[in-house]
Amino acid sequence: AQIRLSRKDYTKAFEDFQQVLARYPNTRRFNEIIGEQYRIASALLDGARGRMLWGLLPGFKQRDKAIEYFETILANAPYSDYAPLALMNVARGHQRLGNVENAIDALDRMINNYSQTLLAPDAYLKLAQTHASLVDGPFYDQGATKEAITYFTDFMLLFPSDGSVAAAEKGLDNMKTMLAESKIRMADFYFYK
């Protein structure tokens, strides 16, 4: 696996590490192997290219494969220190690929399953910001606005001393303004009709 990794054959290296874990789940090097898998998935998520194709062209970026690998790491070691990191990277990968609903799901799993980790405040804030990014304006359904308000409020209540409280307050103010504008538009519509 290390040789394949040095050749930038990330997929094969990850699979080799996975085979070791499948055959020897109680190996003394379990954490080391999970760490190597995490490094491979992180490299792919950050845009690392695999082996050269035909010796001339660099390989393709495989961000979707990175997400799959992070999910595998999560399944392999759900109680390790890598699990919450893997979920945060799953969310980041889905956001990069434009899969907002999947990013929300990953952040929600992070909050529900690993609420005691140091990454929990960041997950709450990213969840609120992701819901805020779904808001289309005052003329549209305000479900995402209400969700964003909920998560911004939860963040400020649960983590009042966090350094990102100012960003949460700003996001909360923006979402409350959006909700108020929506209600004004609705009232205007009914008033004129």
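Trainee: Which residues line the largest pocket?
Mentor: The model is predicted. The lining of the largest pocket consists of Pro138, Phe139, Tyr140, Asp141, Gln142, Lys146, Leu179, Ser182, Lys183, Arg185 and Met186.

Trainee: Which helix gives the most to that lining, and with how many residues?
Mentor: By class, the lining residues are five nonpolar, two polar and four charged. The space in this pocket is about 160 Å³. The helix giving the most is H9, residues 165-192, with five residues.

Trainee: Which residues have the most contacts inside the largest nonpolar core?
Mentor: In soluble globular proteins, nonpolar side chains tend to be buried together. Here the largest such core has 54 residues. Helices that each supply at least two of its residues include H3 (30-45), H4 (63-76), H5 (82-97) and H9. Those with the most contacts inside the core are Ile40, Phe70, Ile73, Phe152, Phe155 and Met175.

Trainee: What is Phe70 in contact with, leaving aside its neighbours within four places in sequence?
Mentor: Contact here takes heavy atoms within 4.5 Å. On that basis Phe70 is in contact with Tyr38, Ala41, Ser42, Leu45, Ala86, Asn89 and Val90.

Trainee: How far apart are the end C-alpha atoms of H5?
Mentor: H5 has 16 residues, so at 1.5 Å a residue it should span 22 Å. The distance in the model agrees: 22 Å.

Trainee: What covers the buried residues of H5?
Mentor: Buried residues in H5 include Ala86, Asn89 and Val90, and these three are also in contact with Phe70. After H5 comes Gly98, with a positive phi near 85°. The cover over the buried residues includes H3, H4, H6 and H7.

Methods. Residues numbered from 1 in each chain as written. Predicted model: local features only at pLDDT ≥ 70, side-chain atom pairs only at ≥ 80, totals over all residues. Heavy atoms only, no water. 1 Å grid on protein atoms, 1.4 Å probe; cavity = no way out; pocket = protein on both sides within 12 Å on 5 of 7 lines; lining within 4 Å. Points joined across faces, edges and corners; volume = space filled by probe spheres on them. Helix = DSSP H or I, 4+ residues; strand = E, 2+ residues; numbered from the N terminus. Nonpolar A, V, L, I, M, F, W, Y, C, P; charged D, E, K, R; others polar. Core = buried A, V, L, I, M, F, W, Y, C linked by side-chain atoms within 4.5 Å. Buried < 20%, exposed > 50% of the residue type's maximum accessible area, 1.4 Å probe, protein only. Expected span 1.5 Å × (residues − 1).
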